[in-house]
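Please look through the model shown here with the following points at hand. They go from the aromatic rings to the sheet and then to a single strand residue.

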Amino acid sequence: MRKFWEIRAAADEPGVGELLLYGLIGSDSGFAWLFDEITPKQFKADLDELGAITELRVFINSEGGDVFAGQAIHSILKRHHAHVTVY
């Protein structure tokens, strides 16, 4: 599985996480997230590994990609308890 995201703790502040979405979002096939139960679960698991963060900074530099992946990410982030800021 090719991850198109990186999730990490912010280096400058405790309790803050960072999500980097760089490059093409989703798989090259365009329909992977529609029929894929593994990748969205892995994305959420990676996000949950940050623990009890109060803020999540999301950095996006992408030319686009799979609409299903984008919708799944959006839904996961909306349900997350942290304050989400997108750059």
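1. Phe4, Trp5 and Phe43 are linked by ring pairs into a cluster, where rings of Phe, Tyr and Trp (its six-membered ring) pair if their centres lie within 6.5 Å, and planes under 30 degrees apart count as stacked, over 60 as edge-to-face and the rest as tilted. This is a predicted model, in which local features need pLDDT of at least 70 and side-chain atom pairs count only at pLDDT 80 or more, while totals for chains, interfaces and linings use all residues. Residues are numbered from 1 along each chain as its sequence is written, and side-chain values use heavy atoms, with hydrogens and water left out.

2. Three aromatic pairs are found when the whole structure is searched. One of them is the edge-to-face pair of Trp5 and Phe43, with 5.2 Å from centre to centre and 80 degrees between the planes. Because Trp5 lies in strand β1 and Phe43 in helix α2 (residues 38–48), this pair ties together parts that are 38 residues apart in sequence; helices (H or I, at least four residues) and strands (E, at least two) are DSSP runs, numbered from the N terminus. Trp5 is buried, at a relative accessible area of 6%, and Phe43 is buried as well, at 0%, where buried means under 20% relative accessible area, exposed over 50% and partly exposed in between (1.4 Å probe, protein chains only).

3. The rings of Phe59 and Tyr87 form a stacked pair, because their centres are 4.9 Å apart and their planes stand at 15 degrees. Distant parts of the chain are linked by this pair, since Phe59 belongs to strand β3 and Tyr87 to the segment after β4, 28 residues apart. Phe59 counts as partly exposed, with 25% relative accessibility.

4. Which order do the four strands take in the open sheet? They follow the order β1-β2-β3-β4, with mixed pairing, and two strands are taken to pair if DSSP finds at least two bridges between them. The edge strands, each pairing on one side only, are β1 (5–9) and β4 (83–86).

5. Strands β1 and β2 run antiparallel and are joined by five bridges, and Ile7 has Leu19 in β2 as its bridge partner. Six residues lie between the strands of this hairpin, in which Gly15 takes a positive phi near 80 degrees.

6. Glu55 is a residue of strand β3. Although Glu55 and Gly17 are 38 residues apart in sequence, their C-alpha atoms are 6.3 Å apart in space. Apart from its neighbours within four places in sequence, Glu55 is in contact (heavy atoms within 4.5 Å) with Gly15, Val16, Gly17, Ala82, His83 and Thr85.
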